[in-house]
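Good morning. I will go through one protein chain today, part by part. Please keep the structure in view while I talk.

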Amino acid sequence: MDTIETDILIIGGGIGGLTLATICRKLGIKCKILERTKTLQPVGAGISLAPNALKLLDHLGLYDEILKHGQKVRELRVLRNTTYWRSFDWTTCEAMYGYPLISMERHHFHRMLYSAAGAEETVLLNRKAEAIVDDLAQPMVRVLLSDGTEARGRVVVGADGIRSMTRRVLAGWGKDETMNTIRFTGRVHMSGITSPLPHLGSEDIGVGHWMLYDDCILTTWPCPDNQQWFIGAQTVDSTRHTGRSVWSDTTPETVSKIYGAKFHPFAEKGSFREIVDRSERVVASDVFEEVAFPSMSKGRVALLGDAAHSMTSFFGQGGCQAMEDAAVLGSLLRERLNAGGPEDLVAMLEEYSRKREPRVKDLAKFSSNFALLHTGNLSYGLGRLVRRLVYRFFPSWVLMWYLGWLYSFQPTVEGLQTTQTLGKH
């Protein structure tokens, strides 16, 4: 098997890696993705695409297809067990920030990015990276593969998820104790996506729900044709040993054992089991988050997405932050990839780290604190009282105004070919 040589070598074919590869392809930068699995299988049921990621996706020419296959969220209803609390108006999001909040089926979004990145021409399957050698005296970084071959790139980007091999390698180089500090949060998420619910009508399109039960919480997001993407969160013993992220044996019955008897307003007879029974796919996973953050680069190797900054999924920003990473790194590659030698590439990636680290730390902290608020687990036993006050009495406009720090930052890359829909959505 021939040695692979390219400008940008990405380890991991998830959302972040595919987004960066799509940017490189648009800019004419040579790029390859090393994906360890034999088939590309995204993890999860759905994905939230917020304004801070949608501008980049628009510039990449993907917005029309996202609108076609995704669903704009227009309303978010909050219920405490069976009692309706209030509704948040989400239609103002697009007016304030230029883009809506869109939910869509994760596998479709992943396939969309895979195609945009160059499909099999770019993504090399069954290529498991095991070691990285970065000798600045050499023009390229070497990535050693499990089959005995190697791949080389002028820059290597680890987009290989929460249990990142790239991150472990960088820890070995720098003896950095922060390189492996993810922790189990004590929560398990169960999610799925359903077929269209035929009893729902046009008035139900675009409506999501936050269901706050006594012993767990459940969120349902709208997808096209009244499909439902659901995510349930339950607290378990945080000290129990866990060596896995995604469970391997999840079935609809696994979900129904916890959530099936719960009330949901979109269930025809009130029981959430009715919705679970229409699932096309379900997944369960232990939830991890960052304790201390590593540097996002060392030498000519950078980290991107969950490999650098895993966070809870309570506000649905994991994928969006990976796309932000890709936009910032893509801009630097466009400006500086060919501006000098290996030392200049090191400096470029150090700048990438400086640009990204403060924001992702803030976002991870926000996500963790929101999880405590949403589950009613704030300190001093005040969680449920504070949650009630916020969710029942805060005006929608206050929430949307507050989210400006998150949604107003919309990084993109100069030089990308834009679509005719840009600014006309």
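What percentage of the 425 residues in the protein chain is made up of buried residues? Buried residues make up 58% of them. Bear in mind that this is a predicted model. The protein chain has 14 helices and 18 strands. Among the contacts with a separation of 6 or more, 77% are between residues 24 or more positions apart.

Let me begin with a sheet. Three strands form it, in the order S3-S7-S4. The sheet is open, and the pairing is antiparallel. Strand S3, residues 46-49, and strand S4, residues 71-72, are at the edges, and each has a single partner strand, so one side of each lacks a neighbour in the sheet. S4 pairs with strand S7, residues 102-105, over 2 bridges in the antiparallel sense.

Glu105 caps the N-terminal end: one of its side-chain oxygens lies 3.3 Å from the backbone nitrogen of His107. Just after H5 comes Gly118, with a positive phi of about 115°. As for burial, the buried residues of H5 are His107, His108, Phe109, His110, Met112, Leu113, Ala116 and Ala117.

Phe109 leads on to the core. In soluble globular proteins, nonpolar side chains tend to be buried together. The largest nonpolar core in this model holds 106 residues. Those that touch the most other members are Ile8, Leu20, Leu49, Ile66, Trp90, Phe109 and Tyr407. Helix H11, residues 342-374, gives the largest share of this core, 10 residues.

Which residues does Leu49 touch, if we leave out those up to four places away in sequence? Among them are Leu54, Leu57, Ile66, Ile102, Phe109, Cys320 and Met323. Another core, of 20 residues, lies apart from the largest one, and its members include Leu197, Val207, Cys216 and Phe266.

Val207 also belongs to the next element, strand S13, residues 207-212. Is S13 mostly covered or mostly open, and how many of its 6 residues are buried? S13 is mostly covered, with 6 of its 6 residues buried. Val207, His209 and Met211 point one way from S13, while Gly208, Trp210 and Leu212 point the other way.

With strand S5, residues 75-80, S13 pairs in the parallel sense over 6 bridges. In that pairing, Arg80 stands opposite Leu212. With strand S14, residues 217-223, S13 pairs in the antiparallel sense over 4 bridges. There, Trp210 stands opposite Thr219. S13 and S14 form a hairpin, with 4 residues between them.

Last, a loop residue. Arg163 sits in the loop between strand S11, residues 150-158, and helix H6, residues 165-174. Arg163 has 38% relative accessibility, so it counts as partly exposed.

Key: Residues numbered from 1 in each chain as written. Predicted model: local features only at pLDDT ≥ 70, side-chain atom pairs only at ≥ 80, totals over all residues. Heavy atoms only, no water. Pairing = 2+ DSSP bridges. Buried < 20%, exposed > 50% of the residue type's maximum accessible area, 1.4 Å probe, protein only. Polar contact = N/O pair within 3.5 Å; in protein donor to acceptor, adjacent residues only side chain to side chain. Core = buried A, V, L, I, M, F, W, Y, C linked by side-chain atoms within 4.5 Å. Contact = heavy atoms within 4.5 Å.
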